[in-house]
Amino acid sequence: MKNTLIFKACLFLALFYSSTAGADTFIALAPSMSKIGTPSASTRPLLADFRLGYEIPHHQLELAIMTSIEDDQLNQLTIDIPSVASVFYRYIANPKSDVKFHLIVGASQIEVESSYPGIADSSDQFDGFSYGIGLEEAFRSIPDLKIKFDWISLYDGDQITISTISLGLRYEF
Amino acid sequence: MATRLLLAPSVWGFAMNFKTCNKLCLYALFIFLAACSSGDETNLVNLHTVADQDIVSISFPADTETILSINSEYDFSLQGLTSNGVETTISGGIQWSLSDGAVSTIDQKGHFTASATAELITVTAEFGFFSDSIEIKVSSAKFDQVVQFDQNELIIDMCRSQTFTPIGSYIDENGNEEIRPVDSITINTIDWIIRDQDNNPSQRAHIETLDNQATLHSLAEGNIIIQAKAVSQYSNTEMTSGDFDQAITNNLNSIKLCYSSASDLTSCAVTNASVKKDKSISLISVANYQALDGSDFYENISANSKWGIDNTANASIALSTDAQQLNITGATEASNATISVACGDIEQAIDGIDISQGVVLDTPVSCLSGASCLSASSTVAIDLLSVTSLKVSANNTNLTSAEALILSVRPVEIDLITTAVFSDNTEADITSDTTLVYSITQGKDVVIEEKAGFVGIYTVLGAGTAEIKLDFRDETFYALIEIP
């Protein structure tokens, strides 16, 4: 499923923007606080969020790979997110402004591992539509380097929501 | 040029169509992606549910009733074992269900309503990935009489309240007897009789039934005899149970008064209590008891205490609606009232009092000599209301403090009327109040002089400026008058 998602993402990127001239590629790195919400309680594993993408005026496309930094515990329950693979399209609402506002849509595949006393360790996978918002501002001394903030709902299911908040850096080549 | 003009709209239209088409493709893609959301959420939801309350196993409590009367109601509960080995009642997140074909019903709070006919059913509770079931018999056996005060032998301390589950005898259509807790239909109809050893009505305790739960409230140490009187559904006659002997023990270490707002009963105390006239403060009686394991604990015993006051002219007292606190309302300013409280047998007679409404006397309460009883008291000061302003009129014309009233005609007398505005927004005429101090600060014996034998009335002697200073509590008013 993960390979299918990545393949779809690459195909999507290639079909829509292969002929676009003047696109800037970029990378981004951020620590990301995830939140797995259920009707009764929530847990918050910590992730490292790496992104690769390219940008044309008003638009960005990026591939995000997130991996676990630290699991979270709720009493005896240990929850970890070993991997997240996502593709995001970002629409830049105000490209001329110093602080740019992004609308984010895409798809994500999230793997969640859990362990609880007396219960066999388990791994669950969630695939779904993702959406969010972002804010970004360039450093004046290094215009290609930006500081960015994202809130993204990676998965919004019947009873479970998985979202992330990240604050990191993006560099345009 | 004309061709260009003709072509322009079609080119523009094509461009617009292309943009619209592109947007539609993106929308379609997002909808496709949204529709693709998948994943089995059950495991993660269950894990969070049990982990939130730290539960590692579940079970029905040992005292769960397994035979219930037709048409009765019962609240099921579930207990869980936490990871550190403590048994606790699970507070939520339980899914309740009944076996297929059951006519009885159960809601998601565990509230069970029995069917109108007998049936055997299974009640299942699911909590996260844990599940437990219990077999329930909905019985058509009819209540006959109460045969036992409680399932267990009870230890009841004086001035405490103790819930209990009376046990009844039920008889089915074949004459078979079922001994089980009295159901929700009958428990509210029981008339409890409490007597002392001499067969007289006892004021040591009373029994209250609320929300299908019976509670014994004890007021004094000693033995009591309890009987339950209720209509037998089996014989359709009023049945009075046998005598149930119950001891009320004295494990009381101390008693004290606290403010009702006290959050820590261990260290609370009443110091410099005061209340303004027509305002209230609330006190509680707090007892320290010796537990069976040797430890001690504090408890609010206001409902089962005996309350008194030394002066009802200065303040009035009444228990709150839930009897968990005593409200004291100030009546006479600048006075005191001593509130007394006792747990146990007191000197004052309470024979004529309905103790189920609480014991509140118009006299101080004090412990009977040699009786098992402890008491406490505290004095409450009824404060003067503070004055926010004074209103003064001279010969029916309102004055402003230190602002001259210029008269055009010289009067024979000046008649001052003074009204105080209090902090509770009430007003009172204080012209003749002995604490209102008048003093002539300008024109004394030249312009005006006090009229002998009258308060606030001045005789005009001649032309000039007259100023009268009025002091009342912390407020001062200068009545300034220009006399022609």
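This passage describes the two chains of a predicted model and the contacts they share.

Chain A has 173 residues. Its secondary structure comprises one helix and ten strands. Buried residues make up 35% of the chain. Among contacts with a separation of 6 or more, 56% join residues 24 or more positions apart.

Chain B has 484 residues. Three helices and 41 strands form its secondary structure. Of its residues, 31% count as buried. Residues 24 or more positions apart supply 62% of the contacts in chain B that have a separation of 6 or more.

The two chains also touch each other. On one side of the interface are 21 residues of chain B, and on the other are 29 residues of chain A. Two helices of chain B, α1 (2–35) and α2 (42–52), each give at least two residues to the side that touches chain A. The largest share on this side comes from α2(B), with eight residues. What classes of residue make up the side of chain B that touches chain A? Nine residues are nonpolar, eight are polar and four are charged.

Where they meet, 21 residues of chain B are in contact with 29 of chain A, and α2(B) provides the largest share of the chain B side.

Notes
Residues are numbered from 1 along each chain as its sequence is written. Chains are lettered from A and ligands numbered from 1 in the order in which they are written. This is a predicted model: local features need pLDDT of at least 70, side-chain atom pairs count only at pLDDT 80 or more; totals for chains, interfaces and linings use all residues. Two residues are in contact if their C-beta atoms, placed from the backbone, lie within 7 Å. Helices (H or I, at least four residues) and strands (E, at least two) are DSSP runs, numbered from the N terminus. Ala, Val, Leu, Ile, Met, Phe, Trp, Tyr, Cys and Pro count as nonpolar, Asp, Glu, Lys and Arg as charged, and the others, Gly among them, as polar. A residue is buried if 20 or more other C-beta atoms lie within 10 Å of its own, exposed if 12 or fewer, and partly exposed in between; C-beta atoms are placed from the backbone.
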